[in-house]
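Let us take a walk through this protein together, with the structure open beside the text. Please have your viewer ready so that you can turn to each residue as it comes up.

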Amino acid sequence: MWFGTQDGLNRYDGYEFRVFRHNVADSASLGANWIWSIREDSSGHIWVSTFGGGLSRFDRDTEKFTTFKNNVNDPKSISHNTVWDFIEHPKGTFWVATNNGLNRLYLKKNKTSHKIIDARFEYIFHDSTNNNIFRIIKARGDFLWLTAPFGLYRFEISTNKFTFYDLTPNTHIFDRYLGSASPTNPNHLWISSGSGLFRFNTQTKEVKLFSDYEQDDKKRIINNRIVSVLEDKDSVLWVGTATQLSLIYPSGKTVQIKKDPYNPNSLGDDYISSIYQDRNGLVWLGTRGGIDYYRPLAQKFKHVHHQANNPNSLSSSSIISLTEDSFGDLWIGTNDGLDRYNPRTEKYDHYFENRSESTAGPSSSYILSVLEDSEKNIWIGTRGGGVCRWNRKTGKFKNYVDRNLPGISTGVVLNIIEDWNNNIWLGTNGAGLHLYDRANDTFVPIPWNIKNPTNEMNDLSVFALFIDSKKNFFVGTAAGGVNVFNPEERTFLHLVNDPKNKSSLSNNRVISFIETKSGAIWVGTAQGLNKMTVDEDKTGVAKYTFRQYLASDGLPNEVIYGILEDDLGYLWVSTNNGIAKIDVSEEDIKVQNFTVDDGLQNSEFNQNALKDSRGLMYFGGINGYNVFDPLTIKLNGHRPPVRLTHLKILDKEVLPSPQPGAILQKSITETKKIILPWKANVFSLEFSALDLTTPEKNQYAYKMDGFDKDWIYSGTRRYVTYTNLDAGDYIFRVKASNNDGAWNEEGTALEISITPPPWKTWWAYALYLLIFSGLIGGYIRFKINEKDKELETFARIERAKSEERDRVRKKASVDFHDEAGNLITKIALFVELTKRKLTDKTEAMAYLEKIEENTKQLSGGMRDFIWALDPGKDNLMETLSRLEDFGNSMFEYSEINFRVLGLRKGFQDKNLAIDDRRSILLIFKEAMNNCLKYSRASEVYLKIVLQGQLLKIELSDNGAGFDLKETSAGYGLQNMRNRAKKIGAELTIFSLIKSGTKVLLSLNLEKKNGA
């Protein structure tokens, strides 16, 4: 992102700003620091319009500016040094708006370097009094629309003709009209002014004014001084004024947004000087207080919180309980009052403890639990005030407090539930369960001093109550795990954690329960999420087992506060580190985590969750609650481009330089290859993913080909340092994901060559050899003189033998080709003639077809044998080239894309024996045949790697794969293994169902040559 200010040009990559300013001592710096507009041309260069400093062009490669200023002695220079706007339309045609009118810019560039050789401006006069051009707007056809001090001009490019449109007839007040085009209606222009917002129809010339004269507040723009305007991709109009931001929706509804000093996520300032929407949908606001940006894909969750000085808001931001009543009202328990929210009127009613009139409010303002019973009354559990009931008919509270009701032995009621018999149960902190006695309007404690202590509650602090669809009653305790309660017998079965048993409950502090549509029961604890399985034997005794899910399974945190299920079967859980969406369709869960950057009220939540009648989900926490429709949560699918941003050597930044031998001739962002001297043995690279939705959540992975074996996933760390790399050629690769985990697997790459130190260069080794040769030269010359004749004779004999062998092989291959080839051709011809003569389709035809098929196979085998016999083919390059030709011919007419990787000229120097060449050829022909017949692949790669004397040839595909256990005994694979063993090579075959197949042959050429 590029930002123009009154103090320079700023480039932002999501992590840091780089500022470019005017420098009087540097002619290649920005023309002036006060910037009016920024544009990018079709070549990727940035054009900057300045106040008094002319027009500047930023070259991405050199990171230098070329500035064009007015020269009174040059009529071909720009007409004025105050430049308001710049635009390219159509491609290659440049227009400049200045303080005294319109200029057309003609550029002449070097065809190779694309550097500007010459620039010429043509001034196009239009009006002596209305001559300023503030904004240039692209239009359909051969037109431009220009905003001026008194209205709007249409400029016809082909004729240089201007047509003026007065937006405020008979007013003629000077105003700095600005404008933008509608992305959804090509006929609409939006013009901002000090008299309101104008919508101009370029076809009908109709003008519509939006101003503060509207009577309806919901359709009114509060301030007529319109500073900026943008219509976004969803047709929402963003109107920046001198006092606030207005959003005008396609329905006509207008929302006014102002800075809220109590909300850190509100506007930074009410003066909106500019508005821009980037490619990823983010809307950027330039204000007098800095830069704000709206992230629609990041703000996934609506956040409701307490607003100071606003009585129609939550009474407190610490949300402890939530429930929806039968009338659609939301009851919210906070640590400072009970709130009743009506979503139809968007109004809140607040209830607080009232000691002077107990029926006017709850028994305590610290609300821990809320329940609507079958009679539509609301039960409220409190801290310090026991339980109370709100009567819907009377609107009065009845308080059951411990000092007046001996049956409640604690004032802390954590949970309330109603069973299938309409019994009301309370879960308390330290006093166990209590049952409401309707006849006596009191609460009765469930005795825990029973005859069989093994069946009593093992913990009297009740953190969760839950009844499933089969009327099983579960009590979650603070330290006793799950107590399965039998209300009739008043007995408890204890399900607790056993550290030695992974099928037991993960932790004894139980916080939440849910039963999903599939009938599965999930239990949230202070250390993990558990899936409960209930098995009943023939005696009817249930056996409970658990599948534990922890942070190692992808959970953002192991404290599970609230659990909800959406209509698609996904679980949503709140934790101490955000909210997670969990796919539980398979044993191994898949987790999508959301954080404060996605709009959550805080990382920390409280023990509550609600799914209302509309399918909306509510999770409360320490800073309000989040409400959202889980089916409309949109993830950011933008796969971000990745750029290298910094190269440092010995922790010092390397900047581009035109000097010969400079490491960077271009900016690192535009560089594809660098050569590092051997002294640069400690260097680092920094990189950035260009997705600014939530850049701090972008993830990275990098790999140095030639050094790193696998990708290194660095999380949010976006730099890497290498030390003491050996001299050689490498490729540094980096890829990244956005905030929602969408990866750009292609990423970017940088070729790196590291030169050797002087004592390891070729000329150094030549010098070493020369010195060594000088020291032993006399001895060698003496021995050479003695053995010269003997060696010469021996060499002559060996040369003759070798030449004779090659001649015999060459002649044999030619003779065999001619004779055997002719015979095979005749056989094929005779078979074909016989088939034509044979009218009766008897068994003879089948035999002839078999003869024909075997003849074809014999012909192919013979060609391979003759090729292997030819001494001119005794090198690695010929072998691999024949494999490449075979693969190309085989896959040419299939849907498989066949590619050969790693083939290079140096392979010509590696000799192979005839048996080695023939075996390699037959092994991979067999593998390619199998791939074509069975793999159903779309990509097949033949990769050759020569590491020293170790030759590796790999054929891989992305096809269906197969089970090696079932197929390994087949004749084809066994034959391939036998051929490899015969030449002393290692053949490895990898394959998995649906994961492709890989055939890897490893052959040590050094051992072969030594042998």
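What follows begins with the protein as a whole and then visits its aromatic rings, its surface and some details of its backbone.

Please keep in mind that this is a predicted model. The protein holds seven helices and 68 strands. Of its 1011 residues, 46% count as buried. Its accessible surface comes to about 52100 Å², and 50% of that belongs to carbon and sulfur atoms.

Now to the aromatic rings. A pair of such rings is described by the distance of the centres and the angle of the planes. In this protein the count comes to 66 aromatic pairs. One of them is made by W425 and F485: the ring centres are 5.3 Å apart and the planes stand at 80 degrees, so this pair is edge-to-face, since planes over 60 degrees apart count that way. Look at where the two partners sit. W425 belongs to strand 37 (residues 424-428) and F485 to strand 42 (residues 482-486), so the pair ties together parts that are 60 residues apart in sequence. Are these two residues buried or exposed? W425 has a relative accessibility of 1%, so it counts as buried. F485, at 4%, counts as buried too, because the cut-off for that word is under 20%.

The pair of F466 and F474 has another geometry. The centres of the two rings are 6.4 Å apart and their planes lie at 20 degrees, so the pair is stacked. Here the deciding cut-off is an angle under 30 degrees. F466 and F474 are both buried.

Rings also gather in a group. F683, F687, Y700, Y702, F707, Y722 and F732 form one aromatic cluster. Elsewhere, arginines lie over ring faces. R383 lies over the face of Y366, 5.1 Å from the ring centre.

The place of E686 is in strand 58 (residues 682-689). With a relative accessibility of 16%, E686 counts as buried.

Y768 has a relative accessible area of 38%, so it is partly exposed.

Next come some backbone details. Most residues other than glycine have a negative phi, and most peptide bonds are trans. Where does this protein depart from that pattern? H89 and P90 are joined by a cis peptide bond, with omega about -10 degrees. P90 is found in the loop between strand 8 (83-88) and strand 9 (94-98). K205, which is not a glycine, has a positive phi near 65 degrees. You will find K205 in the loop between strand 18 (196-201) and strand 19 (207-210), where it is partly exposed with a relative accessible area of 29%. E346 likewise has a positive phi, of about 60 degrees, without being a glycine. Its place is the loop between strand 30 (337-342) and strand 31 (347-351). E346 has a relative accessible area of 53%, so it is exposed, as the cut-off is over 50%.

Our last stop is G637, in the loop between strand 54 (624-628) and strand 55 (642-649). G637 is at 56% relative accessibility, so it counts as exposed. How far is G637 from G741 in sequence and in space? The two are 104 residues apart in sequence, while their C-alpha atoms are 8.4 Å apart in space. Setting aside neighbours within four places in sequence, G637 is in contact with N738 and A742.

Definitions and conventions:
Residues numbered from 1 in each chain as written. Predicted model: local features only at pLDDT ≥ 70, side-chain atom pairs only at ≥ 80, totals over all residues. Heavy atoms only, no water. Phe/Tyr/Trp six-rings, centres within 6.5 Å; stacked < 30°, edge-to-face > 60°. Helix = DSSP H or I, 4+ residues; strand = E, 2+ residues; numbered from the N terminus. Buried < 20%, exposed > 50% of the residue type's maximum accessible area, 1.4 Å probe, protein only. Lys NZ or Arg CZ within 6 Å of the ring centre and 35° of its normal. Areas by Shrake-Rupley, 256 points an atom, 1.4 Å probe, with all protein chains shown as cover. Contact = heavy atoms within 4.5 Å.
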